[in-house]
Amino acid sequence: GPNNTPGSYNGVSAVTPNYTKGITLKNLTWATTRQWDIGFDAYLFNNRVNITVDAYDKESSNQFFTFNFPSYIGYSSQTSNAPLGIRNDGIEFLVTTHNMSPRSPLQWNTNFNISYNHNVITSLPFGNKTIVNGNTIFSVGQPLYEGYQLVYQGVYNNVAQIPVNPNTGNGLTYYNGSHKV
């Protein structure tokens, strides 16, 4: 094709990627984000105690996503827009105190900050199918970049016994978890 050039590897004819043209991104667009943020600040005791509280909700769609390719096509991956939706919501709380008089030669200020963020995948490419990439799993309703580890259940005696993922053609190992592959 126009993005590949003929070549050879180890004396055998091969097709190598044309890195000057590369894989084009004709429909590349900006991600879309909807968000709100509400908060308040309180200054108490002649500004000696300051309190800040913020709550937020942010949902992004049409995110950039890296698609992994089979190695035989000459490219390992491509990053482009995908129907990947992510939602983050949370709250932040900050208290600042000025513990000494402003006229004191010794100053002592204390800051306390605590925050909570909840993120969840709201949509995925390919009809919201769960995507497994190494030790990371992407599944609708679960946190972004959720990790997992396989549970040992035995040894396959030969390659023909290894089940295959119908989406990728890669071999699977079953595991006990909240996700189904």
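Strands here are DSSP runs of E with at least two residues, helices are DSSP runs of H or I with at least four, and both are numbered from the N terminus. You're looking at a predicted model, where local features need pLDDT of at least 70, side-chain atom pairs count only at pLDDT 80 or more, and totals for chains, interfaces and linings use all residues. Residues are numbered from 1 along each chain as its sequence is written, and side-chain values use heavy atoms, with hydrogens and water left out.

**Whole chain.** From the N terminus, the order reads β-β-β-β-β-β-β-β-α-β-β-β. Of the 181 residues, 23% are buried (under 20% relative accessible area; exposed is over 50%, partly exposed in between, with a 1.4 Å probe and protein chains only).

**Select Ser60.** This residue sits in strand 4, residues 49–61. Ser60 counts as buried because its relative accessibility is 11%. Show side chains and look for Thr33: a polar contact of 3.3 Å joins the two side chains. (A polar contact is a pair of N or O atoms within 3.5 Å; within protein, one must be able to donate a hydrogen and the other to accept it, and residues adjacent in sequence count only if both atoms are side-chain atoms.) Leaving aside neighbours within four places in sequence, Ser60 is in contact (heavy atoms within 4.5 Å) with Thr32, Thr33, Leu84, Gly85 and Ile86.

**Hop to Leu84.** Besides Ser60, the contacts of Leu84 beyond four places in sequence include Phe65, Ile121 and Leu124. Now select Phe65, Phe67, Ala82, Leu84, Ile86, Ile121, Leu124, Ile131 and Phe138: these 9 residues are the largest nonpolar core. (Such a core is a set of buried Ala, Val, Leu, Ile, Met, Phe, Trp, Tyr and Cys residues joined through side-chain atoms within 4.5 Å.) In soluble globular proteins, nonpolar side chains tend to be buried together.

**Next, Pro83.** Find this one in the loop between strand 6 (77–81) and strand 7 (85–98). Is Pro83 buried or partly exposed? Partly exposed, because its relative accessible area is 48%. Setting aside neighbours within four places in sequence, Pro83 is in contact with Ser123, Leu124 and Pro125.

**Last stop, Phe93.** Follow strand 7 to Phe93. At 32% relative accessibility, Phe93 is partly exposed.
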